[in-house]
Amino acid sequence: MKKVEIDENSGFCFGVTAAIEKAEEELAKGETLYCLGDIVHNSREVERLEKMGLVTIDHERFAALKNAKVLLRAHGEPPQTYEIARRNNIEIIDATCPVVLKLQKRIKKEAEDDGGAARQIVIYGKKGHAEVLGLVGQTGGKAIVVENKEEADKLDFGRDICLYSQTTKSQEGFTAVRERIAARMEEGAGFRAYNTICRQVANRTPNIRRFALSHELILFVSSKQSSNGQMLYAECKKANANTFLIESADEVQPGMVENYGSIGICGATSTPKWLMENVLGRVKDFCAGKKNGEE
């Protein structure tokens with residue numbers, strides 16, 4: 001008898017859950033609701049909400065909108081987005097994650113207190129990521145984004161540096177960047193580092209390692225566009241070499257699961273539970289000798 005289970009700690013974080021609930025609540029009113037960017041980095045969940053009426057738009061279309069209702073996703077937005085909304089009479093449904101919102105305020109205060117000149121505000125994060133764009137926007141575009149410890153070498157170590165992190169990055173990556181900067185700081189220059197990784201996200205890493213080690217095979221369900229998904233998938237792969245990244249149940253084939261007695265299904269903070277449950281159902285069908293979900 002095969003053991004097949006979903007990791008109970010996987011799935012939407014509270015910030016994404018709240019954004020989805022706000023979208024569903026607004027859509028239930030029957031009015032047109034726009035979302036600035038994909039509400040979550042998972043194409044299947046985006047498709048589900050679009051079928052309910054959610055209209056996903058980019059920043060160019062947002063700037064041309066007037067007298068509309070727009071949901072801002074959990075990732076957050078720069079100040080310019082709110083200014084456009086004010087000018088164009090756009091009603092904002094703000095679903096920015098509280099953890100991200102708190103970080104935005106901290107970074108904005110950091111920039112204002114210093115005038116954005118003497119010290120370098122550095123963000124460990126993924127360039128172009130929605131959350132990072134929102135954070136950089138709080139500094140008037142002056143913050144420096146580094147994706148790894150090697151990129152940290154481009155900083156001016158003779159000037160003060162203040163380091164923050166994108167909320168969904170890995171603890172190990174942040175530590176590596178922090179240690180590289182600390183080791184290279186010149187005499188007379190100050191260095192402060194703030195670990196602003198979301199605690200809920202940070203706890204996912206040790207949890208998912210334990211889960212990966214407890215099964216012979218791991219099916220990691222996530223969109224390839226998810227930054228958090230890529231990070232957690234890498235952690236699974238390190239813990240269990242028999243880990244496969246899939247985006248939907250359709251990708252599961254009999255040959256992937258038939259030779260394993262214990263199969264674990266997990267995902268990112270952007271992975272909906274229903275998607276993992278679909279994968280679970282398909283795996284169980286194959287284990288029961290069914291093909292392509294037939295009865």
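This is a predicted model: local features need pLDDT of at least 70, side-chain atom pairs count only at pLDDT 80 or more; totals for chains, interfaces and linings use all residues.
Q: How many bridges join β6 to β8?

A: Strand β6 (residues 120-124) and strand β8 (residues 161-165) run parallel and are joined by 5 bridges.

Q: Where does α8 bend?

A: Begin with the span of the helix, then look along its axis. Helix α8 (residues 199-213) has 15 residues and reaches 22 Å from first C-alpha to last, close to the expected 21 Å. The bend, about 25°, is at T205, and a proline, P206, follows within four residues.

Q: What covers the buried residues of α8?

A: The buried residues are V201, A202, R204, T205, I208, F211 and A212. Their cover includes β1 (3-6), β10 (217-221), α9 (227-239) and β12 (262-267).

Q: Is L135 buried or exposed?

A: Relative accessibility decides this, with buried meaning under 20%. L135 has 0% and therefore counts as buried. This residue lies in helix α6 (residues 130-137). Leaving aside neighbours within four places in sequence, L135 is in contact with L103, Q104, I107 and I123. Its C-alpha atom is separated by 8.2 Å from that of G76, 59 residues apart along the chain.

Q: How many aromatic pairs are there?

A: For ring pairs, check the distance between centres and then the angle between planes. The count comes to 2. Y164 and Y194 are stacked, at 5.1 Å centre to centre with 25° between the planes. Y164 lies in strand β8 and Y194 in the loop between β9 and α8, so the pair ties together parts 30 residues apart in sequence. Y164 is buried, with a relative accessible area of 2%, whereas Y194 is partly exposed, at 25%.

The rings of F220 and Y233 have centres 6.0 Å apart and planes at 50°, so that pair is tilted. F220 belongs to strand β10 and Y233 to helix α9, so parts 13 residues apart in sequence are tied together. Both F220 and Y233 are buried.

Terms used. Residues are numbered from 1 along each chain as its sequence is written. Side-chain values use heavy atoms; hydrogens and water are left out. Two strands pair if DSSP finds at least two bridges between them. Helices (H or I, at least four residues) and strands (E, at least two) are DSSP runs, numbered from the N terminus. The expected span of a helix is 1.5 Å times one less than its number of residues. The bend at a residue is the angle between axes fitted to the seven residues ending there and the seven starting there. Buried means under 20% relative accessible area, exposed over 50%, partly exposed in between (1.4 Å probe, protein chains only). Contact means heavy atoms within 4.5 Å. Rings of Phe, Tyr and Trp (its six-membered ring) pair if their centres lie within 6.5 Å; planes under 30 degrees apart count as stacked, over 60 as edge-to-face and the rest as tilted.
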